Amino acid sequence: MDRVLTSRNGPWIAGGLIGLIAVALAHFGNPGNMGFCVACFTRDIAGALGFHRAGVVQYIRPEIPGFILGSFISSLAFREYSPRGGSSPAVRFALGVFAMLGALVFLGCPWRAYLRVAGGDWNAIYGVGGLIVGVFIGIIFLWGGFSLGAAEANPKPAGLVMPLLAAGLLALLFLAPKFGENAPVFFSASGPGSMHAPVLMALGAGLIVGWLAQRSRFCTVGAIRDFLMMGDAYLLKGIIAFTVVAFAANYGLGKFKPGFESQPVAHTDQLWNFLGMVLSGLAFTLAGGCPGRQLIMAGEGDSDAGVFVLGMIAGAAVAHNFSAASSGAGIGAYGMHVTIIGLVFCVCVGLMFREKGE
Amino acid sequence: MSDVITVNASGLSCPQPVLMTKKALAGLESGHVEVLVDTATSRNNVSRFAENKGWKVSTEERGGGYTVILEK
């Protein structure tokens, strides 16, 4: 199996399996077209911990710690656990914040953008278009010599922090302690946060996807980047299989509902669907991979990816505390502001960080 | 071995190791290029890129990473 996953056909197989698992999770209780959404799930975790108080999106999604732990176990088993870090961590934290802000203007990470299209949510076509444009802007910076600098090998225990954090989240999920009146851990009683597949199923799915993605290098942003930049379709095969299989499974289950209106956890403000994902796509490209990939790398011991993930958690709190997150009713009062600030920040980073000699 | 070109892409995020390799191989009809990387992902990406360009690829583990050896 491992030979297949690491072969040229690996992305086809991993992408297809991940697409199938995503539709299964939505079928068994996750919100519509949200079998996996790294942004939404991270936002739900931030809410469960009380970092924001949007009562309808608070739940410790076991898929996220599952990704980290699945990747951690896989990287140990295949001798790819490699603690490293030190490549502009504060900048990566800020990129994580803005990637999340953009994703919550659109209402989904790149994974969910493809899943939304696969479910017939045509609003997400604008999001995918924005993602491609964002990645392309990142490519222009990469051609110009953009680099956040080299990471260095870290002591072995340094890579344990994110897996331990993941294990801690699972402990909070299973024990569900209350740290006082009107204090976390919060679990939504209504809204998207209350909708979830059975806990063990979701955790198992997260672990399996963590393993599949660690072996195949599944990356929803790298796929576009490598294809546009070098004509390399290796990773692109993964998202094609992911989307096509998710579409087929949705169709087979009668969940394919084409149109713009009344789509689950989505709005129809197309300009900001587009621009939100331009911001996300650019931030992910500057950070070297999509949010799922950042979780996988964090599991492999990459502290820089771990810092990016922590930035995403902070970004989720900012999005909801400062009325920047969208909802089904439309974009938040400050969604436009954070998107523009984020784009300016990312362009400045793209222009200012260059390898010497370029 | 003075004609060995060494590319140090260790510690760099995707896709910089491949970009640096591409730059090093540009216009090179033959030769011996060694690319230093720190992760298995970068090792695989650089190997795949060079193989697609017709280079013979071998890899060696070294302390804290890999050396990808490209020959043509």
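Which residue in S4(B) does Glu34(B) stand opposite? In S4(B), Glu34(B) stands opposite Ile69(B).

This is a predicted model, in which local features need pLDDT of at least 70 and side-chain atom pairs count only at pLDDT 80 or more, while totals for chains, interfaces and linings use all residues. Residues are numbered from 1 along each chain as its sequence is written, and chains are lettered from A and ligands numbered from 1 in the order in which they are written.

Start with the sheet of chain B. Four strands make up an open sheet, ordered S1-S2-S4-S3, with mixed pairing. Strands are DSSP runs of E with at least two residues, helices are runs of H or I with at least four, and numbering starts from the N terminus. Two strands pair if DSSP finds at least two bridges between them. S1 (4-8) and S3 (56-62) of chain B stand at the edges with a single partner strand each, so one side of each lacks a neighbour in the sheet. Neighbouring strands are turned by 20° against each other on average, direction ignored.

Now the individual pairings. S2 (residues 32-37) and S4 (residues 65-71) of chain B are antiparallel, over 6 bridges. Leu36(B) has Thr67(B) in S4(B) as its bridge partner. H1(B) packs on the sheet and touches S1 and S2 of chain B. The direction of H1(B) makes about 165° with that of S2(B). Such angles run from 0 to 180 degrees between N-to-C directions, with axes fitted to C-alpha atoms, for helices over the stretch in contact.

S3(B) and S4(B) also run antiparallel, joined by 7 bridges. Arg62(B) is bridged to Gly65(B) in S4(B). The two strands form a hairpin with 2 residues between them. In the turn, Gly64(B) has a positive phi of about 75°.

Chain B meets chain A through 15 of its residues, which are in contact with 20 residues of chain A. Contact means C-beta atoms, placed from the backbone, within 7 Å. On the chain B side, H1 (16-25) and H2 (40-52) are the elements that give two or more residues.

Move to chain A and helix H5 (residues 89-106). Of its 18 residues, 16 are buried, so H5(A) is largely enclosed by the rest of the structure. Buried means 20 or more other C-beta atoms within 10 Å of the residue's own, exposed means 12 or fewer, and partly exposed lies in between, with C-beta atoms placed from the backbone. After H5(A) comes Leu107(A), with a positive phi near 85°.

Met162(A), Pro163(A), Ala166(A), Leu169(A) and Leu173(A) are buried. Seen down the axis, the buried residues of H8(A) fall within an arc of 115°, so they line one face. That arc is taken from the directions from the helix axis to the C-beta atoms. The face turned away from the buried side carries the exposed residues Gly168(A) and Leu175(A). The packing partners of the buried residues are H3 (38-48), H4 (63-77), H9 (199-216), H13 (291-300) and H14 (303-321) of chain A. Just after H8(A), Ala176(A) takes a positive phi of about 45°.

Finish in the loop between H8 and H9 of chain A, where Ala197(A) lies. Ala197(A) is buried, with 21 other C-beta atoms within 10 Å. Leaving aside neighbours within four places in sequence, Ala197(A) is in contact with Leu25(A), Phe28(A), Gly29(A), Asn30(A) and Ala202(A).

Conventions: Contact = placed C-beta atoms within 7 Å.
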